[in-house]
Amino acid sequence: MEIYKYTRGLHFFHTQDFYELHFSTSKLEQFPFYYSHKNTPHITVNKNVLAQLITNYRSINQEYYANLPYKKQKIASLLHTVYIDLARQYNKEAPTTETNSVAYIETLRALEQEIEIHFKTEKSAQFYADKLHITAKHLNRVCKTTLNKTTTELITERVILESKRLLVHSKNTMSSISENLGFKDYAYFSKVFKSKTKLTPLEFKKSYK
């Protein structure tokens, strides 16, 4: 990532997981500037909106450096407010541009809906290809073209996100969480989780205390 030398202002970085972990029914791509298949991720804000954004970003900055309870939850809440304000401004000013075929976008959305329904029990790309009545090869082509990810990566990402939510918000044991997500062997679940997050499930859970 390149940060321009003469940029004025502040840069705030967070992962997709950080946001989606705290909002079980929300995804970043609900906001138009992150829906990059159709829209340009660029916003010009007016002075009134900018003043409110500055206030919220200062609050985020203060929370980040303060060692207070529920720190991550507060930052996520403030971030959600910022995105709502930006989305309102974007919808007023930003043009919409098609960057991928409509058919590919519709297939991707259909895949996401099927993953949302079946990810706990079905983890093979072939299952979802059959659901969408296309070949696994074509489904993988759609994913690579639109998101530069494989079908399996999308399925795994959803499983890992749900496991993070359960580890943080539920009181279930590691084994029950593993079983709830369709893993019969906790050791295998732990291996998959660590391969994607660099932490064991227990290490991740402790990091959110």
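**Figure 1. Accessible surface and overall fold of the predicted model.** The accessible surface of the chain amounts to about 13400 Å², calculated by the Shrake-Rupley method with a 1.4 Å probe. Carbon and sulfur atoms contribute 53% of this surface. This is a predicted model, in which local features require pLDDT of at least 70 and side-chain atom pairs pLDDT 80 or more, whereas totals for chains, interfaces and linings use all residues. Residues are numbered from 1 along each chain as its sequence is written, and side-chain values use heavy atoms, with hydrogens and water left out. The chain contains 10 helices and zero strands; these are DSSP runs numbered from the N terminus (helices: H or I, at least four residues; strands: E, at least two). Of the 209 residues, 38% are buried (buried: under 20% relative accessible area; exposed: over 50%; partly exposed: in between; 1.4 Å probe, protein chains only).

**Figure 2. The largest nonpolar core.** This core comprises 46 residues; a nonpolar core is a set of buried Ala, Val, Leu, Ile, Met, Phe, Trp, Tyr and Cys residues joined through side-chain atoms within 4.5 Å. The members that touch the most others are Tyr19, Phe33, Tyr83, Leu111, Ile115, Tyr128 and Leu181. Helix α3 (residues 71-93) gives the most to the core, with nine residues. Beyond four places in sequence, Leu181 has contacts including Phe119, Val159, Leu166 and Phe189 (contact: heavy atoms within 4.5 Å).

**Figure 3. Packing of helix α4 against helix α6.** Helices α4 (residues 102-118) and α6 (residues 136-147) pack with their axes 10 Å apart, at an angle of about 105 degrees. Axes are lines fitted to C-alpha atoms, for helices over the stretch in contact, and angles between N-to-C directions run from 0 to 180 degrees. Helix α4 is therefore roughly perpendicular to α6 (under 35 degrees: roughly parallel; over 145: roughly antiparallel; 65 to 115: roughly perpendicular; the rest: oblique). Among the residues making the contact are Tyr104, Leu108 and Leu111 of α4 and His138, Arg141 and Val142 of α6.

**Figure 4. Surroundings of Ser178.** Ser178 belongs to helix α8 (residues 174-180) and is buried, at 0% relative accessibility. Excluding residues up to four places away in sequence, Ser178 touches Phe183, Asp185, Tyr186 and Phe189.

**Figure 5. Two loop residues with positive phi.** Tyr70, which is not a glycine, has a positive phi of about 60 degrees. Tyr70 lies in the loop between α2 (47-65) and α3 and is exposed, with a relative accessible area of 64%. Lys198 has a positive phi near 70 degrees. Lys198 occupies the loop between α9 (186-197) and α10 (201-207) and counts as exposed at 65% relative accessibility.
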